Every structure is written in C-alpha cells, then in structure tokens.
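Open the model in your viewer and keep the selection tool at hand.

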Amino acid sequence: MSLSFQVKTWRDDFNLDVAFETEARVVAVVGASGAGKTTLLEGLAGFGTVEAARLVVDGEVLVDTASGLAPPPHRRSLGHVFQDGRLFPHLSVGANIAFVQPYVPNAMAPAEALRLVDLAGYENRWPGSLSGGEARRVAVARALAGRPRLLLLDEPFTGLDRRRRTNLIDHLVRLRDQTGTPMLIVSHDERDFEDLAGAILTIESGRAVA
C-alpha cells in the first residue's frame, strides 16, 4: 500500500503547506492545537478553499487540483469522520449510515457496516441513546459504508475516557487488519497510535517536521 498527499491552503493569517509519502496503511497526524491537522484533512476532503491539493492511494490519483481533478467531497472516494461525529439526531442509526447510499452505488447496507464496528443490531437505535464511544463507532461505520479508498478520522478519541478510547483504538486496529482500509488519523497525543499507526506525521505551524 502506498499513500502520498500534498495540501497548500490558507485561512486568515494561517498558511498550511504539507507533503507526505509513505508505505504505511495507517498514518497518524499529530501536533498541537492550531498546528493545521484538521485543515489538512479538510483540504484533502474538499472542504474549504485550497491553493493546491494532491492525493494518491495505491497509485490511483483521487485529487490533483493542478490537473483539474478536484471532485466535490462526496465524489472523492473518502470516508470522513468529523471531530464531533456529526450524526443526524433526527435519524436512526441505520438511517444515518444509509445516508451515503445515494452517492455510492455499491454502498454497504447499514447492518454490514455496523458489524464491522461490533454494533450489530443497532439499526433502530437513536443517536441520543448511544454512549460517546458507540456514537464514534457509528460515525466510523457510516464512513465505511461508502467503501472509501481512504478513511479520514479527525480527533476520534476526543472526549472519550481512557476505557472508551482504548476500546475505539482496538476496533480501529481490527478494521485495519480485517478490511485493509487505509486511514489518516488526527490526534494531539501520539500515545493513541502505539498499536495502530505505521507512520507518524508531525505538523507544527502548518509545516511537516521530522
């Protein structure tokens, strides 16, 4: 597996210019608050304005703004898990996951996606009834339902206690091993990735550092 990406963008007085290439299947993006981690993910996903972006997964070019390849977010073959999960509170768990189906012809059924995160039978539950860890896993299931070429996870462990954090990490390790889905995971704590990531990208003030 190979993964390479580059994003140049700006927000007010903040400039981001990061390029990275690796053979690892899971990449951890770490850095202090405000370093540009979320901006990097949003640039790859197609949210906001970028000066330049390029994303290549296993030799397949998904985004290359220099050549005019800049599809909208729902056409980029990416699964995006936001910091707050962003589950629709008025939709059941199953309906949340089925939300991607109009955009992905071969999308997983909700039951299939939920089995991947060990939440079989949760289709009729409501987001408000879920624990923090369960809600994050449903958000991951929704992202996986679109059969993404790359899974982007933005601070998925924020707000979880140590037990729930460890539980979610264990689930992501199993997903990595069972599905082979490559992941780009943002966090401010490298300890989250001891058993998960094959490579670590550290960002400081919008730049990659060794």
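At what angle do the axes of α4 and α5 cross? Select both helices in this predicted model. Their axes cross at roughly 20 degrees and come within 10 Å. An angle under 35 degrees counts as roughly parallel, so α4 is roughly parallel to α5. The crossing of α4 and α5 is right-handed.

Now show side chains where the two helices meet. On α4, pick Gly 133, Arg 136, Arg 137, Val 140 and Leu 144. On α5, their partners are Arg 164, Asn 167, Leu 168, His 171 and Leu 175. Colour this contact by class: four residues are nonpolar, three polar and three charged.

Next, select the largest nonpolar core, a set of 37 residues. Leu 114, Val 140, Leu 151, Leu 153, Leu 172, Met 183 and Ile 185 have the most contacts inside this core. Which elements supply at least two residues each? Highlight the strands β3 (26-30), β7 (150-154) and β8 (183-187).

Centre on Leu 114. Leaving out residues up to four places away in sequence, Leu 114 touches Val 93, Ile 97, Leu 119, Ala 120, Tyr 122, Glu 123, Val 138 and Ala 141.

Methods: Residues numbered from 1 in each chain as written. Predicted model: local features only at pLDDT ≥ 70, side-chain atom pairs only at ≥ 80, totals over all residues. Heavy atoms only, no water. Core = buried A, V, L, I, M, F, W, Y, C linked by side-chain atoms within 4.5 Å. Buried < 20%, exposed > 50% of the residue type's maximum accessible area, 1.4 Å probe, protein only. Helix = DSSP H or I, 4+ residues; strand = E, 2+ residues; numbered from the N terminus. Contact = heavy atoms within 4.5 Å. Axes fitted to C-alpha atoms, helices over the stretch in contact; angles between N-to-C directions. Parallel < 35°, antiparallel > 145°, perpendicular 65-115°, else oblique. Left-handed = near helix turned anticlockwise from the far one by under 90°. Nonpolar A, V, L, I, M, F, W, Y, C, P; charged D, E, K, R; others polar.
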